[in-house]
Amino acid sequence: MSSLRILLRSLAVAGLSVALLAPAQVARAEPTPAELTKQIEKSSTELERIVESYNNLNEDIKANKATAAKLQARIGPLQEQAERSRADVGLLAATAYKTGGMRAAAALLEPGGQASLPERLGTLDQLTRQRQRVITGFTDDQRRLIDQKTRLDATLAREAVQAKQLKAAKTRIEADLSDLYEARRKAYGRATEAPGKASSAGTPPAVSGKAGVAVRYAYGAVGKPYGYGNDGPGSYDCSGLTLAAWRTAGKSLPHSAARQWSATTRISRSELQPGDLVFYSGLGHVALYVGSGQIIDAPSAGRNVSKRGMNIMSIAGYGRV
């Protein structure tokens, strides 16, 4: 009986071991192509949000550099003025030391000469006011100079912090891109979509004015690859494509979907016209509307600029340039 109990106990342990191992074997199974496609689409969406954050940070840095340049241009002349004021104060101090303020006043008040006493008093008062103006001007110039320098230093400090953030974001994006490309290679046999042709989008609609220029540019970009942070002509990210299309039409847009939202006029869906921008949930993606419910956009890493239906995801709103 003892041997039987040992055998049963061994079988029970073996059965439990099989039961415990089975789920682990299933978990290690390779995902199906459909599952991998879903993973890629999810990663692409998350990555594009990071890309747009990268673009927004880059716009902040450009704005700070412009501010720093303006402040530096103002500090130069202000420094020269402060030096001139310092020289004037030095001259007045040297003169007062050599002549003596009391002796100069006494000379003005002594009898004699052609000037009357009121005239002499007026002259003394005028000299006093002139000296005070120079000293006050020097002080004000110095105060403005220090204020401008403080603002410039703060701007440059913010820029240095943002530059580090930008570098970290760039490193993270590049690592995510590497993983995404490898997933696409496993699923489709190549890391990125094969280059397409603009003709696959059909003929651009007849649109007049600057909007027509932007729409025709977007049609010409169809088939070109996605490139984060790029605004053409070889590759684009989503806000880079809309930027480039409208830049060709003579309109300036920032390289960021969120900033393009702020830079455009809100319109309703019923008011949409070719050339308007379509923004998606979270302002992580933007596309150019080309009419008939269609958009042209740079979808995500590993994919090419394409023309497709506008309802690709939840829409946040619409903007007119």
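Let's start with Tyr236, which is buried, with a relative accessible area of 1%. In this predicted model, Tyr217 is partly exposed instead, at a relative accessible area of 21%. The cut-off for buried is under 20%, so Tyr217 at 21% falls in the partly exposed class.

The rings of Tyr217 and Tyr236 form an edge-to-face aromatic pair, with 6.3 Å from centre to centre and 90° between the planes. Tyr217 belongs to helix H5, while Tyr236 is in the loop between H5 and H6. The two are 19 residues apart, and the pair links distant parts of the chain.

## Other rings

How many aromatic pairs does the count come to? It comes to three. One of them joins Tyr54 and Tyr228: the ring centres are 5.6 Å apart and the planes stand at 75°, so this pair is edge-to-face. Tyr54 is in helix H2 (residues 33-99), and Tyr228 is in the loop between helix H5 (209-221) and helix H6 (238-248), so the pair ties together parts that are 174 residues apart in sequence. Both Tyr54 and Tyr228 are buried.

There's also a charged side chain sitting on a ring. Arg266 lies over the face of Trp261, at 3.7 Å from the ring centre.

## The chain as a whole

Stepping back, the chain has seven helices and six strands. What order do the elements run in from the N terminus on? They go α-α-α-α-α-α-α-β-β-β-β-β-β.

Of the chain's 321 residues, 32% count as buried. The chain exposes about 18,700 Å², and carbon and sulfur atoms supply 58% of that. Now take the contacts between residues at least 6 apart in sequence: 64% of these join residues at least 24 apart.

## Helix H6

Is H6 mostly covered or mostly open? Mostly covered: nine of its eleven residues are buried. The buried ones are Cys238, Ser239, Gly240, Leu241, Thr242, Leu243, Ala244, Ala245 and Trp246. After H6 comes Gly250, whose phi is positive, near 90°.

## Salt bridges

Side chains of opposite charge can pair when their charged atoms come close. A search of the whole structure turns up ten salt bridges. One of them joins Arg259 to Asp60, with the closest N and O atoms 1.9 Å apart. Arg259 is in helix H7 (residues 257-263) and Asp60 is in helix H2, so this bridge ties together parts that are 199 residues apart in sequence. How covered are the two partners? Arg259 counts as partly exposed at 27% relative accessibility, and Asp60 is partly exposed too, at 24%.

An α-helix has 3.6 residues a turn, so residues three or four places apart point the same way. Lys170 counts as partly exposed at 34% relative accessibility, and Glu174 does so at 36%.

Another salt bridge brings together the side chains of Glu193 and Arg303, at 3.9 Å from N to O. Glu193 is in the loop between H4 and H5, and Arg303 is in the loop between strand E4 (294-297) and strand E5 (306-309).

Glu193 counts as partly exposed at 30% relative accessibility, whereas Arg303 is buried, with a relative accessible area of 18%. Salt bridges that share partners bring Glu41 into the picture, joining Glu41, Glu193 and Arg303 into one network.

The mean pLDDT of the chain is 81, and 77% of its residues reach 70 or more. Which stretch has a pLDDT below 50? That's residues 1-26, a stretch with zero contacts in the model beyond near neighbours in sequence. Where pLDDT is low, the predicted coordinates should not be read in detail.

Definitions and conventions. Residues are numbered from 1 along each chain as its sequence is written. This is a predicted model: local features need pLDDT of at least 70, side-chain atom pairs count only at pLDDT 80 or more; totals for chains, interfaces and linings use all residues. Side-chain values use heavy atoms; hydrogens and water are left out. Rings of Phe, Tyr and Trp (its six-membered ring) pair if their centres lie within 6.5 Å; planes under 30 degrees apart count as stacked, over 60 as edge-to-face and the rest as tilted. Helices (H or I, at least four residues) and strands (E, at least two) are DSSP runs, numbered from the N terminus. Buried means under 20% relative accessible area, exposed over 50%, partly exposed in between (1.4 Å probe, protein chains only). A charge sits over a ring if NZ of Lys or CZ of Arg is within 6 Å of the ring centre and within 35 degrees of the ring normal. pLDDT is the predictor's confidence in each residue, from 0 to 100. Contact means heavy atoms within 4.5 Å. A salt bridge is a side-chain nitrogen of Lys or Arg within 4 Å of a carboxyl oxygen of Asp or Glu. Accessible areas come from the Shrake-Rupley method with a 1.4 Å probe; for residues, only the protein chains shown count as cover.
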